[in-house]
Amino acid sequence: MQLQTEALHAGYEKDTQRTMAVPMYMSTAFDFGSTDFAASSFNLQQGTDNVYTRVGNPTTAVLEKRFAVLEGGSGALAVSSGMSAIFYSILNVAQAGDNIIVANQLYGGTVTLFSQTLKRLGIEARFFDIHSPDAIEALVDEHTKCLFFESITNPSIDVPNFEVLIAIANKHNIITIVDNTVATPMLCQPLLLGVDVVVHSASKYTTGQGLAIGGLIVERKDLAEKIKGNARYPDFNTPEVSYHGLVFADSVVSGILFTFRARMVLMRDTGAVLSPFNAWLFIQGVETLSLRMKQHSQSALSIAQWLEKHPRVKKVNYPLLESDKSYANAQKYLAKGASGLLSFEVEDFETAKKVLDSVQIFSIVANIGDSKSIINHSASTTHQQLSPEELKKAGVSAGLIRLSVGLEDSDDLIADLKSALDA
Ligand SMILES: *Cc1c(COP(=O)(O)O)cnc(C)c1O
């Protein structure tokens with residue numbers, strides 16, 4: 001079935017009330033009915049359904065199943081934010097003394113998680129440039145636990161060569177983890193390209209209305225085969241003390257292993273739970289996600305093409321522009337569209353400031369993926385603390401403006417940018 005059909009139906013079987021809308025189960029816990037049933041639930045014999053909302057909830061389960069289907073994976077775990085999705089995906093494979101190989105081009109919060117917080121936990125992040133994947137192999141050793149990158153990088157808007165990165169990781173039996181927030185499964189399905197784990201910030205395009213913070217982890221259908229017996233992943237292959245010696249890799253049901261362990265160990269012990277209310281909001285949003293991603297992509301491309309011709313614009317970054325350094329990869333991996341993020345450069349800091357202060361429809365907001373258009377000036381906000389040299393290294397010039405193109409009519413957005421640029 002097509003994604004737009006799955007987006008409306010996957011993961012939901014009507015309950016006894018036959019409600020068309022997915023019901024919202026706001027309940028902390030569930031009645032076992034008998035001591036035997038309770039005991040078998042705690043021994044993981046009843047799956048993870050309806051025990052306690054920290055490890056599972058029927059509304060959240062619909063969101064998880066739906067996302068697993070949309071990404072082409074076997075199972076998913078919903079968590080309270082994109083950052084906790086990323087954190088859990090790493091903690092599920094790495095511990096003190098281990099290292100992870102990660103792209104330079106990452107979301108700001110991911111950079112600080114990897115370079116500061118994980119460092120405090122004894123996990124070393126080794127960075128590589130996604131345009132130079134040849135440098136990766138020199139970083140791999142026996143303690144390497146994953147290769148992490150973004151499918152469309154935020155904020156630099158690059159597209160990696162998936163095949164090359166996946167081949168290097170597979171050669172060394174290392175798990176690949178991809179942040180698919182900006183592309184969403186409607187534009188790119190990394191698991192079907194051979195990536196092992198996908199993470200999401202659902203806070204962005206999923207509701208489309210900037211309503212709630214949330215995250216998801218989704219695993220590839222046959223990932224269990226890669227993990228079972230793999231010496232890099234002892235936590236999946238040795239007896240788990242907290243479950244009476246259960247070996248996770250030997251107890252795979254419906255191809256679900258990675259997210260099962262994340263749920264039963266990490267979620268149980270550290271509890272970054274998604275509220276069922278937020279899960280319910282995300283379910284509403286997913287229904288229209290593919291329609292919206294098409295429109296975001298079309299409008300962003302029109303605006304990028306228009307900006308390229310404007311005399312006061314020095315450079316435009318959008319992966320589906322022929323002039324873009326990611327064009328070849330984008331054509332290959334983003335045939336359905338390249339999402340709503342683009343950036344462009346004007347002469348200097350003052351000109352950029354003037355553009356931001358002149359636009360009427362765009363809002364100045366530190367977010368992306370809203371249906372309302374957003375404009376951002378990196379040098380005065382997110383990258384304010386960097387020196388001119390550091391800005392250059394980060395690819396952020398003083399005149400760089402980033403747009404998250406929303407769902408307003410693109411002619412109106414172009415007219416807004418025109419009057420701001422011509423002011
Ligand atoms: C926003 C974002 C995150 C963090 O997600 P939160 O839901 O805000 O925690 C991670 N990765 C990317 C690419 C993002 O844009």
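A residue is near a molecule when one of its heavy atoms lies within 4 Å of it. The model is predicted: local features need pLDDT of at least 70, side-chain atom pairs count only at pLDDT 80 or more, and totals for chains, interfaces and linings use all residues. Residues are numbered from 1 along each chain as its sequence is written, and side-chain values use heavy atoms, with hydrogens and water left out.

Select the ligand and the residues around it. The shell has 15 residues, with Gly-82, Asp-179, Ser-201, Ser-203 and Lys-204 the closest. By class, five are nonpolar, seven polar and three charged; Asp, Glu, Lys and Arg count as charged, Ala, Val, Leu, Ile, Met, Phe, Trp, Tyr, Cys and Pro as nonpolar, and the others, Gly among them, as polar.

Next, display the distances to ligand oxygen atoms. A polar side-chain atom of Lys-204 lies 2.7 Å from one, a backbone N or O atom of Gly-82 lies 2.8 Å from one, and a polar side-chain atom of Asn-154 lies 2.9 Å from one. Taken alone the ligand exposes 380 Å², of which the protein buries 93% (Shrake-Rupley method, 1.4 Å probe).

Now select helix 4, residues 82–91, which gives the most to the shell, with three residues (helices are DSSP runs of H or I, at least four residues, numbered from the N terminus).

Finish at the cysteines. The structure holds zero disulfides (pairs of cysteine sulfur atoms within 2.5 Å). Cys-188 counts as buried because its relative accessibility is 3%, and Cys-146 because its value is 0% (buried means under 20% relative accessible area, with a 1.4 Å probe and protein chains only).

Note on methods
Polar contact = N/O pair within 3.5 Å; in protein donor to acceptor, adjacent residues only side chain to side chain. Helix = DSSP H or I, 4+ residues; strand = E, 2+ residues; numbered from the N terminus. Buried < 20%, exposed > 50% of the residue type's maximum accessible area, 1.4 Å probe, protein only.
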